[in-house]
Amino acid sequence: THINTQISIPVNTATMTVCTDALNIRPEAGDLSRSNGQLEDGDQITVKLPAVAAGGGWWYELVDGGFVNARYMCEAQ
């Protein structure tokens, strides 16, 4: 018999709201990676917790992929 030994690690997430005119989505945490998309003011997104430190700032990893600067995110209303 085959026993599945994969362990599922729960990921903590939060729904956040973009609170700036335009927020770049980057493939890696930090300002040095090129933007590969944008979010607009008021967009709600799901991020993984906790935020990660990179390039002198804090970054949230999006559940759908990519990173956004935590400075421009607000708690969802």
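**Core, sheet and disulfide of a predicted model**

The largest nonpolar core contains 14 residues, and those with the most contacts inside it are Leu 39, Ile 45, Val 47, Tyr 60, Val 68 and Met 73. A nonpolar core is here a set of buried Ala, Val, Leu, Ile, Met, Phe, Trp, Tyr and Cys residues joined through side-chain atoms within 4.5 Å. Buried stands for under 20% relative accessible area, exposed for over 50%, and partly exposed for values in between (1.4 Å probe, protein chains only). Two or more residues of this core come from each of strand 1, strand 4 and strand 5 (57-62). Strands are DSSP runs of E with at least two residues, numbered from the N terminus.

The model is predicted: local features need pLDDT of at least 70, side-chain atom pairs count only at pLDDT 80 or more, and totals for chains, interfaces and linings use all residues. Residues are numbered from 1 along each chain as its sequence is written, and side-chain values use heavy atoms, with hydrogens and water left out.

Met 73 was examined for contacts, defined as heavy atoms within 4.5 Å. With neighbours within four places in sequence set aside, Met 73 touches Met 16, Thr 17, Val 18, Cys 19, Leu 23, Ile 45, Tyr 60 and Val 68.

Five strands make up an open sheet with antiparallel pairing, in the order 6-5-4-1-7. Two strands are paired if DSSP finds at least two bridges between them. Strand 6 (67-69) and strand 7 (73-75) are the edge strands, each pairing on one side only. On average, neighbouring strands of this sheet are turned by 55° against each other, direction ignored; the axes are lines fitted to C-alpha atoms. Strand 1 (residues 13-18) and strand 7 run antiparallel and are joined by three bridges. Thr 17 lies opposite Cys 74 of strand 7.

A disulfide is a covalent bond between the sulfur atoms of two cysteines. With the criterion of a pair of cysteine sulfur atoms within 2.5 Å, the count is one disulfide. This bond joins Cys 19 to Cys 74, with an S to S distance of 2.0 Å. The pair links distant parts of the chain, 55 residues apart: Cys 19 is in the loop between strand 1 and strand 2 (22-24), and Cys 74 is in strand 7. The torsion about the S-S bond is about 105°, so the disulfide is right-handed. Cys 19 counts as partly exposed because its relative accessibility is 32%; Cys 74, with a relative accessible area of 30%, is also partly exposed.

Definitions and conventions:
Helices (H or I, at least four residues) and strands (E, at least two) are DSSP runs, numbered from the N terminus. Axes are lines fitted to C-alpha atoms, for helices over the stretch in contact, and angles run from 0 to 180 degrees between N-to-C directions.
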